[in-house]
Amino acid sequence: MTITRFVLNEQSKYPESLGDFSILLNHIVLGCKFVCSAVNKGEEQKKLDVLSNEVFIKALVSSGRTCILVSEEDDEATFVEPSGRGRYCVVFDPLDGSSNIDCGVSIGTIFGIYMVKDGHEPTLNDVLQPGKNMLAAGYCMYGSSCMGAMMMVHELVLSTGSGVNGFSLDPSLGEFILTHPEIKIPKKGKIYSVNEGNAINWDGPTAKYVEKCKFPEDGSSAKSLRYVGSMVADVHRTLLYGGIFLYPADRKSPNGKLRVLYEVFPMSFLMEQAGGQAFTGKQRALDLVPTKIHERSPIFLGSYDDVEEIKALYNAEE
Ligand code: AHM
Ligand code: MG
């Protein structure tokens, strides 16, 4: 099952659809393949960020199905020319974790898709919507290279709102093939993932939660710590193995580090679709209504039971 056929099948569930969504997704996949080939060729880090952004925007605009694009790389949103416009808005981080490139750690592209309401001129408000209004979200992870391109694995994880599916790029076909159908995150995990170097500045509930991961009070075993420092890699592991990924607020960064529209929302969407949860420290992450396109938010996401625990600690604070 290629991703193309998968998306067409999904689309056939909606008789009113005209194929626009499939065309858009095919262009997103094409964008990911371009980024992937640029990463393989090992361009310089700075150039790779810029290149990935350009390539991704071109792939989206040429689909003829987009109207507003928000990229981590661009201060302002891009409004597509009326003649080449469609109804979809795409928010994306073309190359997240790029500081990791030179040591071969996995990096990736993250994306989310909204639709503009009918019959009005698209405005920024069309993308300043809560994450629960996304129609689809996903990421493509570009695996680390082993002596050139021979050992690369590229995974594309996608949800169109009815579960999560994982595809792997088959280099001989140049196609993403369904390898992880209906991904479900374990209800409880054994791993926590956080930058503990920031612990000195954490708030009470985060500090207490991490303490409990290391010194459980209920007789359970301590959790293992795994932190790559590349969100796609850390979230991918969390999705497959279970556990919790945290990028909390701290005294220096009261809103955390990660961006709502193209980091927090797509990953939260995938987590919920896989049976997990995503929480900001105050509310369900997908209920957040962003007021700026590059807004940040603290985020705690992963296995249902693990997120439930941190929710209880934050709720007890109020
Ligand atoms: P970037 O968009 O500048 O690449 O930063 C985002 C990355 C995420 O991939 C990762 O989860 C996080 O930054 C790690 O941050 P830190 O180095 O503070 O732990
Ligand atoms: Mg980023």
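Q: What makes up the shell around ligand 1, counted by residue class?
A: The shell around ligand 1 holds one nonpolar, six polar and four charged residues. A residue belongs to the shell if its C-beta atom, placed from the backbone, lies within 6 Å of the molecule, and those that do are Glu72, Asp96, Gly97, Ser98, Ser99, Asn195, Gly229, Ser230, Met231, Asp234 and Lys257. Ala, Val, Leu, Ile, Met, Phe, Trp, Tyr, Cys and Pro count as nonpolar, Asp, Glu, Lys and Arg as charged, and the others, Gly among them, as polar, so Met231 is nonpolar and Lys257 is charged.

Q: How do you know how far to trust the model?
A: This is a predicted model, in which local features need pLDDT of at least 70 and side-chain atom pairs count only at pLDDT 80 or more, while totals for chains, interfaces and linings use all residues. Residues are numbered from 1 along each chain as its sequence is written, with chains lettered from A and ligands numbered from 1 in the order in which they are written. The average pLDDT (the predictor's confidence in each residue, from 0 to 100) is 91 for the protein, and 94% of the residues score at least 70. Over residues 146–151, however, the pLDDT is below 50, and this stretch has three contacts in the model beyond near neighbours in sequence, where a contact requires two C-beta atoms, placed from the backbone, within 7 Å. For the model as a whole, the scores are ipTM 0.97 and pTM 0.95.

Q: Why is Glu182 called exposed?
A: A residue is buried if 20 or more other C-beta atoms lie within 10 Å of its own, exposed if 12 or fewer, and partly exposed in between. Glu182 has 12 other C-beta atoms within 10 Å and therefore counts as exposed. Glu182 lies in the loop between strand 8 and strand 9 (191–193), and its phi is positive, about 45 degrees, although Glu182 is not a glycine.

Q: Is Leu286 buried or exposed, and what decides it?
A: Leu286 has 21 C-beta neighbours inside 10 Å and therefore counts as buried, even though Leu286 sits in the loop between strand 12 and strand 13. Not counting residues up to four places away in sequence, Leu286 touches several residues, among them Pro130, Lys132, Phe265, Phe269 and Ala278.

Q: What makes Ser71 count as buried?
A: With 25 C-beta neighbours inside 10 Å, Ser71 is buried; Ser71 belongs to strand 1 (residues 66–71). Leaving aside neighbours within four places in sequence, Ser71 is in contact with Asn53, Ile57, Phe92 and Pro94. Phe92 is 21 residues away in sequence, with a C-alpha to C-alpha distance of 5.0 Å to Ser71.

Q: How do you know on which side or sides of helix 1 the buried residues lie?
A: Helix 1 (residues 3–11) has Ile3, Phe6 and Val7 buried. They cover an arc (that of the directions from the helix axis to the C-beta atoms) of only 95 degrees, so they lie on the same side of helix 1. Among the elements covering these residues are helix 2 (20–41), strand 6 (154–159) and strand 7 (165–170). Helices (H or I, at least four residues) and strands (E, at least two) are DSSP runs, numbered from the N terminus.

Q: Which residues of helix 4 are buried?
A: In helix 4 (residues 204–214), the buried residues are Pro205, Thr206, Tyr209, Val210 and Cys213. Their arc around the axis is only 130 degrees, which places them on the same side of helix 4. They pack against strand 9, strand 11 (244–247) and helix 7 (304–317), whereas the face turned away carries the exposed residues Gly204, Glu211 and Lys214.

Q: What makes strand 10 and strand 12 edge strands?
A: Strand 10 (224–225) and strand 12 (277–279) each pair on one side only, in an open sheet of five strands with the order 10-9-11-13-12 and mixed pairing. Two strands pair if DSSP finds at least two bridges between them; strand 12 and strand 13 (residues 299–302) are joined by three bridges and run antiparallel, so they count as paired. Gln277 has Gly302 as its bridge partner in strand 13.

Q: In what sense do strand 7 and strand 8 pair, and over how many bridges?
A: Strand 7 and strand 8 pair in the antiparallel sense over five bridges. Leu169 has Phe176 as its bridge partner in strand 8, and Asp170 stands opposite Glu175. Four residues lie between the strands of this hairpin, where Gly174 takes a positive phi near 70 degrees. Both strands belong to an open sheet of eight strands in the order 2-1-3-4-5-6-7-8, with mixed pairing, whose edge strands are strand 2 (78–79) and strand 8.
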